[in-house]
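What follows is a short report for a reader who is meeting this structure for the first time. Please keep the sequence and the 3D view at hand while reading.

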Amino acid sequence: MHAQPRCQRLLYERYYAYALKIVFRYIYRYEKATEVVNDGFVKLFSRFDRFTYDEGEHLEKMLLGWMRKIMVNTAIDELRRKNMIPEIGGIPEYVWEQPDMGQSAEQKLYYKELIILIKELPPSYQVVFNMYVIDGFSHQEIADKLNISLGTSKSNLSKAREHLKKKINNGIQEFDICSF
């Protein structure tokens, strides 16, 4: 049974910003990211009858996890169609102004800074880092989805972490130099 159009619209409006931020970790051009988000919502609504949760669990938390999985998979499918060449481009400033339920201003700032650092990684490192660290995929799942070896997934994650560590440490050193 599919969700009613009115309920679909309400769900779409409430969680659009959440979905867009997930997709932006993989697709960097705003116009393409919005297309992927819309495709993700189409998948979500067409598969809504597959969404299950236990009554003891928090419904919204379960829905957000399921939605995240659909958005990540839709973005990965798009990258696969593009031969794994993530699009390069900046995230427009107004994207960060879209409301996302449940995030404090400090969380939004840290999230934005992290995404900016991740986007500076080489494309193959970006995808593996996002999938493993942020989206919780195992190395085997990453290898299967991206058609790479298990060792390549682990190596790309290790190299991504090293790059990020250097960037973060450089940022801290620059801050220390500027402080009084």
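Two rings of Phe, Tyr or Trp (for Trp, its six-membered ring) count as a pair if their centres lie within 6.5 Å, and the pair is called stacked when the planes are under 30 degrees apart, edge-to-face when they are over 60, and tilted for the rest. The structure, which is a predicted model, holds seven aromatic pairs. In one of these, the rings of Phe51 and Trp66 have their centres 5.1 Å apart and their planes at 40 degrees, so this pair is tilted. Because Phe51 lies in the loop between H2 and H3 while Trp66 belongs to helix H3, the pair ties together parts that are 15 residues apart in sequence. Tyr12, Tyr16, Phe41 and Phe45 form one aromatic cluster.

Residues are numbered from 1 along each chain as its sequence is written. Because the model is predicted, local features need pLDDT of at least 70 and side-chain atom pairs count only at pLDDT 80 or more, while totals for chains, interfaces and linings use all residues, and side-chain values use heavy atoms, with hydrogens and water left out.

**Overall fold**

The protein chain has seven helices and zero strands, where helices (H or I, at least four residues) and strands (E, at least two) are DSSP runs numbered from the N terminus. Of its 180 residues, 39% count as buried, a word that stands for under 20% relative accessible area, with exposed meaning over 50% and partly exposed the range in between (1.4 Å probe, protein chains only). A contact is defined as heavy atoms within 4.5 Å, and among contacts between residues at least 6 apart in sequence, 68% join residues at least 24 apart.

**Two helices compared with their expected spans**

The expected span of a helix is 1.5 Å times one less than its number of residues.

| Helix | Residues in helix | First to last C-alpha | Expected span |
|---|---|---|---|
| H3 | 23 residues | 33 Å | 33 Å |
| H5 | twelve residues | 16 Å | 16 Å |

Among the buried residues of H3 are Leu63, Trp66, Met67, Ile70 and Leu79, and what covers the buried residues of this helix includes H1 (5-24), H2 (30-46), H5 (123-134) and H6 (139-146). Phe51, the ring partner of Trp66, is buried as well. In H5, the buried residues include Tyr125, Val128 and Phe129, and this helix is followed by Gly136, whose phi is positive, near 80 degrees.

On a 1 Å grid over the protein atoms alone, a pocket is an open set of points where a 1.4 Å probe fits, with protein on both sides within 12 Å along at least five of seven lines, and its lining residues have an atom within 4 Å of a point. About 170 Å³ of space lies in the second largest pocket, the volume being the space filled by probe spheres set on the points. Helix H3 (residues 59-81) gives the largest share of the lining, six residues, and the lining residues include Lys43, Arg47, Trp66 and Asp77.

**Two further residues**

Asn147 sits in the loop between H6 and helix H7 (150-178), where it has a positive phi of about 55 degrees although it is not a glycine. At 65% relative accessibility, Asn147 counts as exposed. Leu114, in helix H4 (residues 105-119), is partly exposed, with a relative accessible area of 33%.
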